[in-house]
Amino acid sequence: MKQFFRGAVRITESDGFFTPHRFTEAQEAHYASISEGALIRARCSSSVSLAFTTSAGVISFDYRADAFSRAFVGFDVYENGILTRHFDEPDRSEAGHIVYECRSEGKHEIEIYLSCLNEISVGNADFGSDAQPLPAYRPKLLFIGDSITQGMTAKCPSLVYPTLYARNCGAELLNHGVGGAKFDKTHLDDMPDFAPDHIFVAYGINDLNQCGDNAVLLENAAQYLERLRQLYPQVGRTVITPIWNAKLAGEPEFAGRFAHYSAELARIAGSFGCQAVDGLKLVPNDPRHLFDGTHPNEQGFGFYALGLLDGKNRV
């Protein structure tokens, strides 16, 4: 069963159920030291999938859900690269049974994305007698960020921007988005042995919302990017400045701090050898594309991924 998981650095097993983890044990302990909420979000199965080939006409599995960062529980199924089914489970569903009827005859590829808003464990899986894991994708991408990178608040877990971007590139993905996170170099301690080919960093809106001193925020960002350069000196790194937020339309003081912070963050990113992407150009500056004024909805995430794929949005 373990060989079918993607997007996890380790898999634990209990009572026949397998739980994928995006972070090392030490990293989970780090987020636990910050708050219970941070640990809950770090445990969520963002961008984690089950990927395999099979000739089965029907596949099934049981799930258990825990660590609810939001009430939504859902699964997306791709068959031969096409999103063919979304399973929308009851809010805060702690357990359930998923059955998917395949559309193709003969051998076909299946990828099942687990909910990005809670921790999902999988057991009693029947993927067919000839099920084999799909080979690993290349390149390997590491996305680091806050709740937007984690996937708040998408009901369809495969439609968050890191997953959409990676699928478009045919890349393997590790999603290190954690709701509420800010630029903090200690997040980079005990990094897993993932060896990414490129790293994307998307922090900033929590920093701006929780502190009024841009100088302090930018120093935190500089310390973080220096540590990232030390860990991955030969790896390409991209920093994404914050995307549009509804507060920009009604709070002039915040809008001024936002503009200054974003411009300086892009400058600092360049000084540490990172590419910079202008977040304001990624998601339409319109609340219709946001779930709650801050987090994109599925449509907003689609724009985010398309904008990130467009090299014209580099600063």
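Reply: Happy to! One definition to begin with: the expected span of a helix is 1.5 Å times one less than its number of residues. Keep in mind that this is a predicted model.

Let's take helix α7, residues 252–271. With its 20 residues, α7 reaches 29 Å from its first C-alpha to its last, close to the 28 Å expected at 1.5 Å a residue.

Now for the packing, where buried means under 20% relative accessible area. In α7 the buried residues are Phe254, Arg257, Phe258, Tyr261, Ser262, Leu265, Ala266, Ile268 and Ala269. Looking down the axis of α7, you will find these buried residues within an arc of 165 degrees, so they line one face of the helix. On the face turned away from the buried side, α7 carries the exposed residues Pro252 and Arg267. Glycine 273 follows α7, and its phi is positive, near 80 degrees.

Stepping back to the setting, the protein chain has eight helices and 16 strands, and 57% of its 315 residues count as buried. A compact globule with 315 residues would have a radius of gyration near 20 Å, and the 19 Å of the protein chain agrees with that. The C-alpha trace spans about 60 × 40 × 35 Å along its principal axes. Among contacts between residues at least 6 apart in sequence, 78% join residues at least 24 apart.

Note on methods. Residues are numbered from 1 along each chain as its sequence is written. This is a predicted model: local features need pLDDT of at least 70, side-chain atom pairs count only at pLDDT 80 or more; totals for chains, interfaces and linings use all residues. Side-chain values use heavy atoms; hydrogens and water are left out. Helices (H or I, at least four residues) and strands (E, at least two) are DSSP runs, numbered from the N terminus. Buried means under 20% relative accessible area, exposed over 50%, partly exposed in between (1.4 Å probe, protein chains only). The arc is that of the directions from the helix axis to the C-beta atoms. The radius of gyration is taken over C-alpha atoms; the globule rule is 2.2 Å times the number of residues to the power 0.38. Contact means heavy atoms within 4.5 Å.
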